[in-house]
Amino acid sequence: MKIKCPSCGTENIEGLDRCEQCLHSLITRDLPKPSKDDLYQNALMTAPVSALVTGKDLLVADTADSIAKVIEIFQKKSKNCVLVYQKKKLVGIISNRDLIRRVAGIHADLSKVKAQDVMTPNPESVKLQDPISFVVNKMAMGGFRHVPVLAQDGAPISIVNIHDVMHFLSSHQKKD
Amino acid sequence: MTKPSVETLLKEKKIYQVINPKCVTTHPDVSIKQAINVMQENKSGYIVVAEHNQCVGMFTETDVVRKILGKDVSWNAPIRDFMTKNPSVLSPNDPVGKAIELMGDNRFYHVPLVDANGNLSGVLSVRTLIRFLAEFYPTEVFNLPPDPNQVMTQPEGG
């Protein structure tokens with residue numbers, strides 16, 4: 001069976017990543033498409049993560065910052081999640097859950113505990129142009145409620161909260 | 001066989017069909033210390049506070065972080081004073097779509113489920129909902145490499 005290139009029409013052998021004639025990528029050709037009449041499936045599979053990003057949800061800490069400082073910021077700004085950076089690289093994430101599991105009732109002096117001792121290391125992240133379904137999948141598979149959104153160079157852009165996804169869905173529901 | 005659309009599923013699927021049977025509950029008079037122990041043991045971020053099988057409040061990790069950690073609070077105080085009183089509830093017979101709306105609008109992580117007689121019958125977590133939603137999509141979408149257009153410079157394993 002041959003695969004016809006959607007760009008130049010050349011017939012390529014099956015399994016090639018790029019068209020031999022024009023180098024057009026053939027990878028996305030076999031991706032499943034959302035069914036046309038399904039509003040939700042369309043919304044989640046085609047809308048990019050940037051539709052969820054408000055620009056207000058970003059908090060960044062350093063690995064050496066104390067937990068007392070993190071908690072103070074959470075309380076003042078009513079936030080639940082902070083990204084932990086070391087030398088411009090994302091190394092961890094701290095949310096309320098980490099504080100319950102690794103701080104509450106375990107450490108008495110919060111100013112002596114460092115962010116790097118409490119954080120969940122190497123969090124999964126997404127890019128702005130990824131479809132929302134990527135975020136949904138990461139949250140469902142990993143049980144995360146927050147997923148960092150990063151730029152190509154690893155710089156922090158935002159944190160997508162599970163509520164942002166729910167809100168996005170329910171706003172589609174109301175339009176009906 | 002045609003699959004029903006997500007839209008129909010959200011309206012027709014009931015909460016009791018998707019929930020995880022686990023529900024962590026305590027009495028409102030337990031101390032903060034005990035409550036945090038219960039959360040750590042159960043790996044839960046919430047406790048449904050119930051008295052005589054009636055839900056009277058929710059005590060969550062957000063309450064602990066905002067009202068207790070780093071503050072001058074006695075850890076022997078009862079959670080009654082720190083819980084969120086009279087939380088919004090759902091019925092196990094409500095459609096999943098209603099739960100998504102409530103959680104998205106109010107930013108709840110957990111909502112207690114109360115049956116027609118006012119008895120506590122479970123809890124719905126936002127993560128249960130997202131797992132339910134993730135089942136709607138073809139798995140191939142998620143198994144893509146992070147950058148589908150990446151060209152490998154060496155053969156596999158090289």
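A: In this predicted model, the C-alpha centres of domain 1 of chain A and domain 2 of chain A lie 39 Å apart. The domain assignment places residues 1-31 of chain A in domain 1 and residues 49-175 in domain 2.

Turning to the strands, E7, E8 and E9 of chain A form, in that order, an open sheet of 3 strands whose pairing is mixed. Its edges are strand E7 (126-127) and strand E9 (156-161) of chain A, each of which pairs on one side only. Strand E8 (residues 146-150) of chain A runs antiparallel to E9(A), and the two are joined by 5 bridges; within this pairing, His146(A) has Asn161(A) in E9(A) as its bridge partner.

As for the interface, 41 residues of chain A are in contact with 38 residues of chain B. On the side of chain A that touches chain B, at least two residues are supplied by each of helix H1 (39-46), helix H2 (67-77), helix H3 (96-102), helix H5 (132-142) and helix H6 (162-175) of chain A. The largest share of that side, 8 residues, is contributed by H6(A). By residue class, the side of chain A that touches chain B is made up of 21 nonpolar, 14 polar and 6 charged residues.

Terms used
Residues numbered from 1 in each chain as written. Chains lettered and ligands numbered in written order. Predicted model: local features only at pLDDT ≥ 70, side-chain atom pairs only at ≥ 80, totals over all residues. Contact = placed C-beta atoms within 7 Å. Helix = DSSP H or I, 4+ residues; strand = E, 2+ residues; numbered from the N terminus. Nonpolar A, V, L, I, M, F, W, Y, C, P; charged D, E, K, R; others polar. Pairing = 2+ DSSP bridges. Domains from an automatic or database assignment.
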